[in-house]
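Try each task before you read its solution.

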Amino acid sequence: MKKGFLWGGAIAANQAEGAWNVDGRGPAMTDVTTGGSVNEPRYVTYIDKDGKPGKIPAHGHGSKIPEGAKYAVLEDELYPNHDAIDFYHHYKGDIALFAQMGFKIFRMSVSWSRLYPNGDEATPNQKGIEFYRNVFKECQKYGIEPLVSIWHFDTPLYLEENYDGWNNRKLIDFYERFARTCFEEFKGLVKYWLTFNEINNTVMMLNLFGNSAGAKEHQQAYQQLHHQFVASARAVKIGHEVDGNNMIGCMICGITFYPGTCDPKDIIANRHMWEKSIFYCGDVQCKGKYPTFAKRLWDEHDVKLEITDADLKDLAEGTVDMYTFSYYMSSIVTTHEVNDKVSGNFSAGARNEYLQYSDWGWALDPIGLRYYLEMIYDRYELPLMVVENGLGAFDTVEEDGAIHDPYRIEYFRMHIAEMEQAYRNGVDLIGYTTWGCIDLVSAGTGEMRKRYGFIYVDKHDDGSGTMARSKKDSFYWYKKVIESNGADLD
Ligand code: BG6
């Protein structure tokens, strides 16, 4: 990899910190979301207007509880994000372990409701600021650059309940205040930032629900996204004003789509999938304006967006400095009948007979990563960072305490080799943060047993465990990879 390549790992506040109601933190949606599994959805829980408890499938991040109901934590349910892996109280030890592996960068997110418990306050919660400052100073001690996601699936619950979340334009101002606080309070400690994690999930989710997502759902999704685009652009502008050294990126859920057949209808469908799922958000955030094909996407579902001239100005002025994305899999797009369907990470499609699948049904496709890197670099010519990539797998702790995870090593080996190839082909790839460098709560299923880490955490799906940390075989392997700047993958 290029000199100074930023090797590291990534986590997110709601999946790692725990301490959900400690030191003034307010709740987020993940705090009223139960655990699930590969076959059982997570549920969002509530008390209805007659005082009766209830739950609805979480469906990611946009489902609605009945009229008059209030989100609630129910006594006989388990909420894995409440304690997560208690990074809040373990951050010093965890960062020391990252430093042992040689991390140059550590991606994490700031919990919005830790800084603004309800989201609409005029001033932030000082305890929250103190916590993140301490974390960043700990990184600084080891020469690790923090990479901070300002939003990672955790709008304060109060804003969801009282303002109807991102449907409301006011969220732009609340987010702007939150982002400004981050840039000002953490100035000099943080240089690399992301505005919204996997911002394109909102459109990907529409695809997942197939025909059940009609005009209303599309209208809502595109308007929410527009509010997030403006919020992101304003944050980029503020970030640049506060510190000219800040490097701020978009963050896209990156999936490589392939046409299922050479039927021209499949070729067009595949192109449209790229446009809707991947390019729509990337174009707005990198080029500062809506792409030509946006009109087709809106017309398809009779979407009429409320966009002001000031919004357009913000979008044009708030373009990002780098393109960052997560990459876990590729997916097949076809207009033909499909009998064998697979799904994962906000996408679904036909099974690809040339690929293998993880225990959670995610397609393992390292070459798809190279395809994505080259395609995106060609489109935007901005520095790229892969800020999530990893294998969720079952791990076994041996009697002697060892954890042998050759499957994870193999996964990373193949993906890093493809990144290297893309770099040689001219892609300006500047960093790589593997997902869940330490085991954490799965966003999709709420499980602990879907483990991603180089570091094992003794915490289980039923909430039991000591929270003790131990090194897996992949820990030592990744250390070697970083030491050799990616040359030694054996
Ligand atoms: C991405 C998210 O979608 O994928 C992460 O940004 C998430 O928050 C990761 O954890 C892996 O997904 P999962 O469902 O296995 O946790």
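**Exercise 1: the ligand and its surroundings**

Solution. Step three: Gly444 has a polar backbone atom 2.8 Å from a ligand oxygen. Step four: the protein covers 97% of the 380 Å² of accessible area that the ligand has on its own (Shrake-Rupley method, 1.4 Å probe).

Before going on, a word on the source: this is a predicted model, where local features need pLDDT of at least 70, side-chain atom pairs count only at pLDDT 80 or more, and totals for chains, interfaces and linings use all residues. Residues are numbered from 1 along each chain as its sequence is written, and side-chain values use heavy atoms, with hydrogens and water left out.

**Exercise 2: two helices**

Task: work out how α8 and α11 cross.

Solution. Step one: the axes (lines fitted to C-alpha atoms over the stretch in contact, with angles from 0 to 180 degrees between N-to-C directions) of α8, residues 215-242, and α11, residues 309-317, come within 8 Å and cross at roughly 55°. Helices here are DSSP runs (H or I, at least four residues), numbered from the N terminus. Step two: α8 is therefore oblique to α11, oblique being what is left after under 35 degrees (roughly parallel), over 145 (roughly antiparallel) and 65 to 115 (roughly perpendicular). Step three: the α8 and α11 crossing is left-handed, with the near helix turned anticlockwise from the far one by less than a right angle.

Key. Polar contact = N/O pair within 3.5 Å; in protein donor to acceptor, adjacent residues only side chain to side chain.
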